[in-house]
Amino acid sequence: MLLNRNALKANNVFIQLYRRNIQTKTVKRPPLGFAFDIDGVLMGGHKPLPKARNALKILNGDNQLNAKIPYILLTNGGGQTEYERAQILSSRLDTRISPSQIIQAHTVLKDYVDQYADKAVLCLGGVGDTMRKVAESYGFRKAYTTTDVLAWNSSIWPFIHVTESELASAKPVDFSRTPISAVFVCHDPRNWGVDVQIMCDVLRSGGLLEGPCVDATKQTIQVVFCNPDLLWKSDFSRPRLGQGAFKASFQAVYKMLTGSEYPYTQFGKPTKPTYDYARRVLHNLLDESYGPGKLPHMYMIGDNPESDIAGANAAEWSSVLVHTGVYDPTAGPPAHSPTHQAQDVEEAVLWAIERELAPLKEGL
Ligand code: G3P
Ligand code: MG
């Protein structure tokens with residue numbers, strides 16, 4: 001992006017003014033903040049997407065402001081603690097990302113700890129006992145997984161062989177005496193068959209596996225789905241089915257068994273609770289750095305119109321839809337209109353910064 005002479009002059013004046021602010025410690029909050037989606041924006045499976053490292057370098061100071069621009073990572077993914085995710089992403093993206101900057105699909109469950117800390121909850125999704133470890137790191141003291149149920153009685157799903165290592169990771173508990181109070185579908189289930197079976201068993205028997213069937217209209221067990229994505233972009237050439245497809249399968253089977261779908265709470269992008277949670281997290285991060293103040297103009301950078309853009313629009317944030325993930329620009333206009341579209345995350349970041357600086361430069 002070539003700046004003409006006047007723009008360059010204005011730009012230098014602007015940087016000097018901005019720096020002077022910094023030197024005189026009357027540091028004003030940066031004029032903008034970012035929320036980045038992960039899959040299809042920064043990462044393609046386990047590999048960083050081409051412009052991802054550059055984009056984060058720009059936010060870490062390599063920009064027209066010569067200043068750090070705050071950002072969070074807001075993903076419908078999960079399956080590990082925010083600390084583990086921050087470690088992995090920091091090394092793959094070659095920049096330091098703190099756990100407090102990461103909001104995964106199940107992070108919002110932290111708001112449920114008071115209600116369920118000492119109640120048995122079933123945490124579905126992910127591999128082996130990873131989701132129990134995540135739930136325990138949040139404060140849930142009686143978190144169980146599908147593997148725990150299979151270790152208790154593998155004939156609950158006769159089509160599966162529980163491996164030695166899975167049995168070793170299982171927590172011994174008698175589910176015929178341990179009433180489940182809530183089912184949290186935290187991350188994408190690995191074996192839909194066994195998870196649909198166990199969800200139906202828990203919900204139809206009021207939480208006690210092998211317990212008597214309860215009246216389907218008297219549902220007492222809370223069901224939470226943390227990620228509504230029907231599709232998401234990994235490193236395969238076509239988008240893959242996500243947790244939203246699992247939810248549809250579960251509800252179809254449950255309805256065939258009981259005549260109606262099971263009521264549930266939905267979290268994850270585009271839901272309001274998840275964007276409110278993200279706003280709260282970024283606000284706290286900024287207050288820590290700049291003292292109390294207003295949230296700057298927010299930019300959501302995403303690849304999925306249904307989750308990233310729809311959520312940003314509802315949150316009255318600006319949004320940039322990139323062409324490196326779920327959304328295929330050759331397939332027509334997106335279902336939800338972003339503020340702008342960009343080839344990749346670097347172009348998106350540069351566009352947003354220029355957009356925020358332009359009025360400030362014109363005023364000079
Ligand atoms: O399972 C993760 C997927 O649904 C989307 O992740 O990072 O694109 O929100 P993300
Ligand atoms: Mg994505």
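Reader: Where does Glu210 lie?
Author: Glu210 is in the loop between α8 (192–204) and β9 (222–225), where helices (H or I, at least four residues) and strands (E, at least two) are DSSP runs numbered from the N terminus. This is a predicted model, in which local features need pLDDT of at least 70 and side-chain atom pairs pLDDT 80 or more, while totals for chains, interfaces and linings use all residues. Residues are numbered from 1 along each chain as written, chains are lettered from A and ligands numbered from 1 in the order written, and side-chain values use heavy atoms, without hydrogens or water.

Reader: And what is the phi of Glu210?
Author: The phi of Glu210 is near 70°, a positive value in a residue that is not glycine. Most residues other than glycine have a negative phi.

Reader: Switching topic, which residues does the cis peptide bond join?
Author: The cis bond joins Lys269 and Pro270, with omega about 15°, and Pro270 sits in the loop between β12 (265–266) and α10 (272–290).

Reader: What does the side chain of Lys269 do at ligand 1?
Author: A side-chain N or O atom of Lys269 is 2.8 Å from an oxygen atom of ligand 1, which falls under the polar-contact limit (N or O pairs within 3.5 Å). Asp188 has a side-chain N or O atom 2.9 Å from a ligand 1 oxygen, and for a polar side-chain atom of Asp37 the distance to an oxygen of ligand 1 is 2.6 Å.

Reader: Which residues coordinate the magnesium ion, ligand 2?
Author: Asp37 (OD), Asp39 (O) and Asp303 (OD) coordinate the magnesium ion, at 2.0 to 2.1 Å, donors being N, O and S atoms within 2.8 Å of the metal (3.2 Å for Na, K and Ca). Asp37, in the loop between β1 (32–36) and β2 (43–44), and Asp303, in the loop between β13 (297–302) and α11 (305–314), are 266 residues apart and link distant parts of the chain.

Notes. Polar contact = N/O pair within 3.5 Å; in protein donor to acceptor, adjacent residues only side chain to side chain.
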